[in-house]
Amino acid sequence: MVYKLAEEKDLQDIYNVVQQTIKAIYPKYYPAEVVNFFCELHNREAIMQDISNGHVSVLKVDNKVVGTGSFIENHITRVYVLPEYQKNGYGTFIMKSIETEIMKKYEKAYLEASLPAVELYEKLGYTTMKHDRFSVENDVVLVYEVMEKMVQERCTGEQK
């Protein structure tokens, strides 16, 4: 297993992981309009921009990209593991890797959690700060959790 910063050549693999996961898992929780919203939100251009900015990592198992994690500052923005690789600890591994990076500069990590991911995030110590909503096509409303976690305690009194 290798978890490393993504390169431009990883774009198609990352896109495939994200899209396959959304299309396989999200319809169990959301109507088609919400699934389409997530597919568009995580389009090739958005992923490529995040790769170019150094915000994306890939998880490879047997040299195959099976998961991805992204964050900007202390905001976790994209964590996906292929459905057939879920329930093996890979999502937890990605999250802990991201948290390790975030804690170098920040006390808290935060994210917007889709319904399929809330349980994982709660197990990792994230708490819901608020329920939020966003209108998508056909007046369908996406409801999601805004969650946060203290990733480090600052005892030195230093300023951020």
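In this predicted model, the side chain of His42 makes a polar contact with the side chain of Arg78, at 2.9 Å. His42 is found in the loop between H2 and helix H3 (44–52). With a relative accessible area of 5%, His42 falls under the 20% limit and is therefore buried. Leaving aside residues up to four places away in sequence, His42 touches Tyr15, Val18, Gln19, Ile22, Ile47, Thr77, Arg78 and Tyr80. One of these, Tyr15, takes part in a further arrangement: the charged end of Arg44 sits over the ring of Tyr15, 3.9 Å from the ring centre.

Helix H2 (residues 32–41) has Glu33, Val34, Val35, Phe38 and Cys39 as buried residues. Several of these positions follow a helical spacing: in an α-helix there are 3.6 residues a turn, so residues three or four places apart point the same way. The buried residues of H2 pack against helix H1 (11–25), S4 and S7.

The sheet itself is open and has 7 strands, in the order S1-S2-S3-S4-S5-S7-S6, with mixed pairing. Strands S1 (2–5) and S6 (127–135) stand at the edges; each has a single partner strand, so one side of each is left without a neighbour in the sheet. On average, and with direction ignored, neighbouring strands are turned by 25 degrees against each other. Helix H2 packs on this sheet, where it touches strand S4 (75–81), S6 and strand S7 (141–150), and the direction of H2 makes about 55 degrees with that of S7.

Aromatic side chains come next. The model contains 9 aromatic pairs. Phe37 has 23% relative accessibility and so counts as partly exposed. Ring pairs join Tyr26, Tyr30, Phe37, Phe38, Tyr80 and Phe134 into a cluster. Tyr80, a member of this cluster, is also among the residues that His42 touches.

Most residues other than glycine have a negative phi. Asp62, in the loop between S2 and strand S3 (64–72), has a positive phi, near 50 degrees. Lys87 also has a positive phi, near 70 degrees, and lies in the loop between S4 and helix H4 (90–102). Both residues are past the 50% limit for exposure: Asp62 counts as exposed because its relative accessibility is 76%, and Lys87 is exposed at a relative accessible area of 83%.

How values were computed: Residues numbered from 1 in each chain as written. Predicted model: local features only at pLDDT ≥ 70, side-chain atom pairs only at ≥ 80, totals over all residues. Heavy atoms only, no water. Pairing = 2+ DSSP bridges. Helix = DSSP H or I, 4+ residues; strand = E, 2+ residues; numbered from the N terminus. Axes fitted to C-alpha atoms, helices over the stretch in contact; angles between N-to-C directions. Contact = heavy atoms within 4.5 Å. Buried < 20%, exposed > 50% of the residue type's maximum accessible area, 1.4 Å probe, protein only. Polar contact = N/O pair within 3.5 Å; in protein donor to acceptor, adjacent residues only side chain to side chain. Phe/Tyr/Trp six-rings, centres within 6.5 Å; stacked < 30°, edge-to-face > 60°. Lys NZ or Arg CZ within 6 Å of the ring centre and 35° of its normal.
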